[in-house]
Each structure stands twice: as C-alpha cells, then as structure tokens.
Amino acid sequence: MQGNTVLLGGFEPSYMKKLALYLTARMGGQVQVGIVDELQSESVKDQEAVWIGSERFLEEVRAGEKALRCILLTEEEGEDGGICRYQSCEKLYQRIMFFYRQMEGVPIASVNTAGPKWVVLTTDQSVSQLLAFSTVCAQILSETAEVLYLNFSECCGMRDVFLLEDDGTDLADLAVELAGDGPVCLDTVTRRLERINYILPTANPMILHEIRAQDISRLIQAVEQSGKYQYVVAAVGTSCCGCDQFFLRASQMFHLTGEGALAACSRQEWEEFIRLCRGGGEVSVREVRLPFIEMENRGIHLLQEWADGEIGQLARKYLGFSEDS
C-alpha cells in the first residue's frame, strides 16, 4: 500500500489499541499502524495512508481532504459496504486485506529477501497422521520464526480436528485466483492458528486434481515474494500437478510410513517418484514412523499438547532441534 501506513480512528481507545497491535503483528512489521485521536493535530499529515474508522470519522477525514483510501468499520454486518467491527481481530484482518486488494497500488514491501525454507512431508499412511505431524512441525518452527502451513490432502480433517471456524474461504478460493491472470494476494485466504499462518485445506477434494503446474508456480512465487515467512511447511497428501516444485525447493523432506512389506512397497514408490521429480540422484528423504496419536477432545489445544508430547519430541528430533537428531 502506498506509504505503508494505516491510521485508525473514531472508536474507543481500547478497541483501537487492540486492533492496531494485532494488525501490526499480522502484517509482519511491514506496515506502520497508528491511532488518530484528533484530526486537527499537526501530526496528521499522511495523505497516502489507508484510513480505517467509523462513518463519522471518515466523513471528517474526507471533508478535510486528508485521504483517498478509506475502509469503513460498521456497527452491523453488510451495512454500507463496510466491515462489521464486532468480529475477531483475525476476521477483521482478513476483511481489511480484502479491501486493500481492491485499492489501486497497494503493494506490501518484502522483508525476507532470502526466501523461506521449505519443509515438505509425504505419507503412505493416513492423511490424518500427516496432518498431525506436519502441524506439529509447523508449531515448533513457529516458536522462533514466521511459518506458513499448506496442506494438499483430500479430506484431512483439519477443520474438525482443531474446531476451526469456517468463513467459507479455503484452498479452493486460492486455486481460482492462481488460475487467473491477476496478482495473487495470499493475505485474503491466510488465517492464524496459534502462531501458525495457514491456508485452510479445500473442502472439495476434486479441486486438487484441477490444479495445474503453472498454478503451483504462481503460488510459490507469491509466497516467496511476500517476504513474510522464514519457513513453509507443505503437507503433500495428494500428488497434485506441480507438486514436484515443492520437492525441488525442499530443504528438508519427511515421509511418514509404517511397518511391514505393504508400507515398504508404497514407500519405495514414493521415494522413486520424488527422485524423478528432483532430477535423479540420491534423495534425502527421512522416514518417520509415528506412535499412536492421542486425541480425546478436539480443539486448538491439541497443537501444543502434541508439540509437548511424544510426537513433538519426534518432530524436534527430525527438524534438528534436539541433541539426538
């Protein structure tokens, strides 16, 4: 966005402070977020900022010709084409980012010029095991870095496992955007789970078979150009077209497998497939055998419980965060 500045006004100070802190955290420090108490103040000079506030506040802003870009926070949903302010900070962030996208010339500057490290996981076991282990890896990495979690699996159960609120957007919406010709905005479909940034897996598994290699290329480009993430954890439960590009970028690769001849046969084919995708030669794919995963109750609390338990110890070992790795 021009000026990389957001100014909030028109509401009680506690509300604006909470929202300002959340927006600052979610935008990765790339955008300055300020609170305006008095429009007549000499400090209010930024005419290229994005102004967010109540109807009365924005009327005063426009009357003083202080702004060209305004986002209205309303008292009720659907009122005057604005955003209802009585929502979680995460939902407000999602809607605000959607409005940014409608504005001309609103790029957010890149900060992570080195690009993220890709941790890629595959499995010959159930996609539910893949979900558990991959999200724990993402949770552990998020202790010290910004992480984006992607899950390309059919019916992995992520919504129900973590009791996620469904606002109707998921990987399918991103797939439509990737198939188009316009710029790709990840922020409109990216959510927050504990410390993890994630895109909700598609509820329609057929979408995974409609994705093209060029769509994955555009996704990778959008992720790397965003500059927000130090790690991307990609769970590839379904080998969609273009998944070879994940394997090529992987700095670490894990394959979840089981005991016995059946698992060995499937594991061997997976490794051969990955070898072909990476252009032949030796492939460094670490085999992971998971213990039984407890889940007495569903909810977000599982992420930390698993990370603190046996599966978390295993993930830390494979990620290189324990002495016996």
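## A network of salt bridges

E259, R267, E287 and R289 are joined to one another in a network of salt bridges. The model shown here is a predicted one, so please read the contacts below with that in mind.

One link to look at is the contact between the side chains of E259 and R289, a salt bridge with an N to O distance of 3.2 Å. This pair connects distant parts of the chain, 30 residues apart: E259 sits in the loop between strand 11 and helix 9 (261-277), while R289 belongs to the loop between strand 12 (286-288) and helix 10. E259 counts as exposed, at 65% relative accessibility, whereas R289 counts as partly exposed, at 34%.

## Other charged pairs

Side chains of opposite charge can pair when their charged atoms come close. Across the model, the count comes to 13 salt bridges, and two further examples are worth a visit.

The side chains of R85 and E75 meet at 3.1 Å, N to O, in a salt bridge. R85 is in the loop between strand 5 and helix 3 (89-102) and E75 is in the loop between strand 4 and strand 5, so this contact ties together parts that lie ten residues apart in sequence.

Let us turn to strand 6, which spans residues 117-123. Why is strand 6 described as largely enclosed by the rest of the structure? Six of its seven residues are buried, so the strand has the rest of the structure around most of its length.

Strand 6 has parallel pairing with strand 10 (residues 231-236), over five bridges. In that pairing, L121 has A235 of strand 10 as its bridge partner. Strand 6 is also joined to strand 11 (residues 250-256) by six bridges, and these two strands run parallel. T123 stands opposite L256 of strand 11.

Elsewhere in the model, five strands make an open sheet in the order 2-1-3-4-5, with parallel pairing. Strand 2 (32-35) and strand 5 (83-84) stand at the edges; each has a single partner strand, so one side of each is left without a neighbour in the sheet.

Within this sheet, strand 3 (residues 50-53) and strand 4 (residues 69-74) run parallel and are joined by four bridges.

## A negative patch on the surface

Finally, where does negative charge gather in a patch? It gathers on the surface, at E294, E296, E305 and D308. Of these residues, D308 lies in helix 10, which covers residues 301-308. D308 counts as exposed because its relative accessibility is 54%, above the 50% cut-off.

Technical notes. Residues numbered from 1 in each chain as written. Predicted model: local features only at pLDDT ≥ 70, side-chain atom pairs only at ≥ 80, totals over all residues. Heavy atoms only, no water. Patch = residues over 30% accessible without salt bridge, like charges linked within 9 Å, V, L, I, M, F, W, Y side chains within 5 Å. Areas by Shrake-Rupley, 256 points an atom, 1.4 Å probe, with all protein chains shown as cover. Salt bridge = Lys/Arg side-chain N within 4 Å of Asp/Glu carboxyl O. Lys, Arg positive; Asp, Glu negative; His and termini not counted. Charge placed at Lys NZ, Arg CZ, Asp CG, Glu CD. Buried < 20%, exposed > 50% of the residue type's maximum accessible area, 1.4 Å probe, protein only. Pairing = 2+ DSSP bridges.
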